[in-house]
Amino acid sequence: MLLSKDLLFGFKIGLLSFIAILIWQMIIRLKKFFISPRAKEFLTMSTHTEKKIVPSMGGIAFFLLLPLILWEDNFSSRSIIISLSAGLFGLLGAIDDISKIKRGRGISIRSKLFFGFWVALIPSLYFLFAFPQSSYIDFFFFTIDLQYFFILWLMWVMTATVHAVNLVDGIDGLAITQVWLVSFFSIFLTKTTFVFRYTNYLFIQFFLQNMPPAKIFMGDVGAFFLVVLLASQFLVAKTELLLPFSGIIFVANTVICLIQITSFKWFKKRIFTFTPFHHALELKGWSEKKINIAYSTITIIMNLFLMLIFYLFK
């Protein structure tokens, strides 16, 4: 019986992956409707001029996961929270992508932060309603009960995670690889295969489309969707404080960007050649493949160390 259930699930995932590939191929063939040659990220990096003809919004195929997650998990509170969070943020990302295609620029950072914060309110309220005894932050050596302020904590974690990962999306295969690695290690850090079980096949299929030279980008719709899907699992498992360490590349990249912005705004000086930092490495002659390997190595080492600490003290 167990084997037949696994086979049936494998068939569903396989069918879903096949449909996703058809969607990606359709976007690639109709790329003139999904490209934004005037987008800022292509105009600011001379090494990325060829990416102007690569279509975006490939992440729209990830929405196929939502009905499967809900159905397979019997519409549990966990599946509703994770699906609702990912779906709403995915829609916000889609609006940003469409804005880039139509106007050549996306929603401003302030607007994305503002709307992202309020989009996070809906799943956060449901989380507190479904798990009223879970309004605490649990770490290795302490526990803090935030009570109703826990809603603000949930909203901040989802919004901050989305924008941290979005800064890494700029090199072929970089964002999807980092998200896949964090998703894989989440099996051990959250003690559940929930998200990885559903996303692994699509990760691999999309990576084949996105590996250098990329045929398609997942866009903000895909980045927002996958990242919040992952962040929600950490939140439900009460291990959200491990997320910044597991996704160390995202955090480090965000800190570097903040330092650069602050330095230029206050002192009119740039500390780094270019931000996000992977673009500075490109200007120094690093290939996209070398950057991918370096970033992945850092993520793997950090997560192995984190697993060691987690199982020693938990």
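A residue counts as exposed when its relative accessible area is over 50%, and as buried when that area is under 20%. Keep those two cut-offs in mind. One more point before we start: this is a predicted model.

Let's begin with two residues in loops. N74 lies in the loop between helix 3 and helix 4. Its phi is near 55°, a positive value in a residue other than glycine. Is N74 buried or exposed? Its relative accessibility is 66%, so N74 counts as exposed.

Now M57. Look in the loop between helix 2, residues 40-43, and helix 3, residues 65-72. M57 is not a glycine, yet it has a positive phi of about 70°. Relative accessibility here is 8%, so M57 counts as buried.

One more loop. Between helix 12 (248-267) and helix 13 (277-283) you will find P276. The peptide bond joining T275 and P276 is cis, with omega at about -5°.

On to the core. In soluble globular proteins, nonpolar side chains tend to be buried together. Here, the largest nonpolar core has 76 residues. Those with the most contacts inside it are W24, F62, F89, V179, M218, F225 and L226. Which helix gives this core its largest share? That is helix 10, residues 219-236, with twelve residues.

Pick out F89. Leave aside its neighbours within four places in sequence. F89 is then in contact with G116, V119, A120, M158, T159, V162, F224 and V228.

Two packed helices are described by the angle between their axes and the distance between the axes. Take helix 4 (residues 77-103) and helix 5 (residues 109-119): the angle is about 155°, and the axes are 10 Å apart. Angles over 145 degrees count as roughly antiparallel, so that is how helix 4 and helix 5 run. From helix 4, L88, F89, L92 and D96 make the contact; from helix 5, K112, F115, G116 and V119. Five of the contact residues are nonpolar, one is polar and two are charged.

Last pair. Helix 8 (residues 174-189) packs with helix 14 (residues 288-313) at about 15°, with axes 10 Å apart. Under 35 degrees counts as roughly parallel, so helix 8 and helix 14 are roughly parallel. Their crossing is right-handed. The contact includes L181 and F185 of helix 8, and Y295 and I300 of helix 14.

Key: Residues numbered from 1 in each chain as written. Predicted model: local features only at pLDDT ≥ 70, side-chain atom pairs only at ≥ 80, totals over all residues. Heavy atoms only, no water. Core = buried A, V, L, I, M, F, W, Y, C linked by side-chain atoms within 4.5 Å. Buried < 20%, exposed > 50% of the residue type's maximum accessible area, 1.4 Å probe, protein only. Helix = DSSP H or I, 4+ residues; strand = E, 2+ residues; numbered from the N terminus. Contact = heavy atoms within 4.5 Å. Axes fitted to C-alpha atoms, helices over the stretch in contact; angles between N-to-C directions. Parallel < 35°, antiparallel > 145°, perpendicular 65-115°, else oblique. Nonpolar A, V, L, I, M, F, W, Y, C, P; charged D, E, K, R; others polar. Left-handed = near helix turned anticlockwise from the far one by under 90°.
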